[in-house]
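Colleague: I'd like to learn how to read a model like this one. Could we go through it together, feature by feature?

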Number of protein chains: 2
Amino acid sequence: MFTKTTEYALRAVIYIAGKGSEEKKLSIQEIAHAINAPQHFTAKILQQLSAENKVISSVRGPNGGFFMTMKTKKKPIMEILKLLGEDVVLDKCVLGLNECSGKRPCPLHVQYIQIRPQLREMFKSTKIIDLTNDIELGKAFIRSVSKKK
Amino acid sequence: MFTKTTEYALRAVIYIAGKGSEEKKLSIQEIAHAINAPQHFTAKILQQLSAENKVISSVRGPNGGFFMTMKTKKKPIMEILKLLGEDVVLDKCVLGLNECSGKRPCPLHVQYIQIRPQLREMFKSTKIIDLTNDIELGKAFIRSVSKKK
DNA sequence: ATATTTAAAGATAGTTTTGTCTTTTATTTT
DNA sequence: AAAATAAAAGACAAAACTATCTTTAAATAT
C-alpha cells in the first residue's frame, strides 16, 4: 500500500513515541534496529520528519537523538503520511486515472468509495500514541521477523 | 495502491471486455490509445495476461489482435491481479511487516482488518464484465484526461 | 509464393526507489 | 580548548519500475 519509506517512517515514529521522550532520546542506531530497517536509510527519513519539528525532534551530540513531545505523540498517523507526501495514496483512483470522481468516475469508483473513506478515517482518527501501548504490553510488534536463509 | 503495470492491465482488460470479442479483435494500438497508456509497455503487460489464455487471448497477423471470451469476461478482476502477482498487495501489512497476523499483529492490524477484507471482497466479487456497461453508457471512463502543458 | 499485418520477443534506456558509505556539523563532556 | 558523540548532509550504487525502439515470428490476404 505504501512505499518502504512510509512503512519505515510509521514504524520508527511509533517506536519513538513509545520508548522515547525529551528526557530519553533515542539514537538512530537503536531505532533502526528496533524496527528492523536499514540504518542510514531510516536516518534520511527521520530527517524529513524532524524538519521543522513537525512530528519528531532531534538533538545532535552526546546524549542526543530523536524524541517526541506529548503534543506530537497525540497527532494522527495521517500527519506522518502528509509530511512524506504519501497521503495522496488515500485519494488515488484504483485504476490510476488522474481524474476520478463522482463527476467523472472510473468503472470501479462506485465500489471503491464505499471503502476509501474508511481507510482515510483510519489514518485520521488513529493517533500515534494509540499504537504504542500494545507494543509495550508485548501484544503488538513493530519489527519484521528476520528471514532465515 | 497498485503499480502502473497493474493499473494499465485493469484498464486494458476492461476495455477489451467491453469493446472486443472473438469476432472483433482489438489491436494493441487501439487499446493503448483507449486507455491512455504507453503502447509497447501495454503490449508487454497484455503478453503476460494472454499467457495460457488465462484472461485474454490473442491472435497474430491481419485481423488479429486481443479479445476475450464470454467465459473470461465473467471472471473476477482479482484474476488480473493474480496473474501479475499483485494480489499480495491485498494481504500486506500496512507497516510492511512480513509477518502480521492475529497471532503476531502490528499495532495497526486490529484497525486494518476491519477494512482489508472489504478490499479483497471488492476484487473478488466484481467481475470484469460488470465494469464494461457504464463505459459504453458514457457513465464511466477508462482514460486519463490528458494533461495540458 | 510473396507481401502485409499484427503480436511476440529482445535490447536498451530513463526514472524512481531503496540502500550504503563517507564527510561534515553541532553539541556535550573532559 | 580538545576530544568524543550523534545527527545532518552528500555522494554514490544497486534494484525495481516504467518506457521506448527494434527485430522476429506467426497468420492472413493478395
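**Reading the model**

Modeller: Let's begin with chain A, which has 8 helices and 2 strands; helices (H or I, at least four residues) and strands (E, at least two) are DSSP runs, numbered from the N terminus. Bear in mind that this is a predicted model, where local features need pLDDT of at least 70 and side-chain atom pairs count only at pLDDT 80 or more, while totals for chains, interfaces and linings use all residues. Residues are numbered from 1 along each chain as its sequence is written, and chains are lettered from A and ligands numbered from 1 in the order in which they are written.

Colleague: In what pattern do the elements of chain A follow each other along the sequence?

Modeller: Reading along, you get α-α-α-β-β-α-α-α-α-α. The C-alpha trace of chain A spans about 55 × 40 × 30 Å along its principal axes.

Colleague: What share of chain A is buried?

Modeller: The rule counts C-beta atoms, placed from the backbone: 20 or more others within 10 Å of a residue's own is buried, 12 or fewer is exposed, and in between is partly exposed. For chain A, 38% of the 149 residues are buried.

Colleague: And what share of its contacts links residues 24 or more positions apart?

Modeller: A contact means two C-beta atoms, placed from the backbone, within 7 Å. Among the contacts in chain A with a separation of 6 or more, 66% are between residues 24 or more positions apart.

Colleague: How do I read a helix pair?

Modeller: Two packed helices are described by the angle between their axes and the distance between the axes. Take α1 (residues 4–19) and α2 (residues 28–35) of chain B: their axes come within 10 Å and cross at roughly 115°. Axes are lines fitted to C-alpha atoms, for helices over the stretch in contact, with angles from 0 to 180 degrees between N-to-C directions. α1(B) and α2(B) are therefore roughly perpendicular, a label for 65 to 115 degrees.

Colleague: Which residues meet there?

Modeller: From α1(B), Tyr8(B), Arg11(B), Ala12(B), Tyr15(B) and Ile16(B) meet Ile31(B), Ala34(B) and Ile35(B) of α2(B). By class that's 7 nonpolar, no polar and 1 charged. Here Ala, Val, Leu, Ile, Met, Phe, Trp, Tyr, Cys and Pro count as nonpolar, Asp, Glu, Lys and Arg as charged, and the others, Gly among them, as polar.

Colleague: Which residues come nearest to DNA strand D?

Modeller: "Near" means a C-beta atom, placed from the backbone, within 6 Å of the strand. Of the 25 residues around DNA strand D, Thr3(B), Lys4(B), Pro38(B), His40(B) and Gly61(B) come nearest. α3(A) gives the largest share of that surface, 5 residues. The surface near DNA strand D divides into 9 nonpolar, 13 polar and 3 charged residues.

Colleague: How many residues are in contact between the two protein chains?

Modeller: 34 residues of chain B are in contact with 34 residues of chain A. On the chain B side, α1(B) supplies the largest share, 5 residues. That side has 21 nonpolar, 6 polar and 7 charged residues.

Colleague: Where does Asn36(A) sit?

Modeller: Asn36(A) is in the loop between α2 (28–34) and α3 of chain A. Its phi is positive, about 60°, although it is not a glycine. Asn36(A) counts as partly exposed because it has 17 C-beta neighbours inside 10 Å. In chain B, Asn36(B) has a positive phi of about 60° too, and its place is in the loop between α2 and α3 of chain B.

Technical notes. Parallel < 35°, antiparallel > 145°, perpendicular 65-115°, else oblique.
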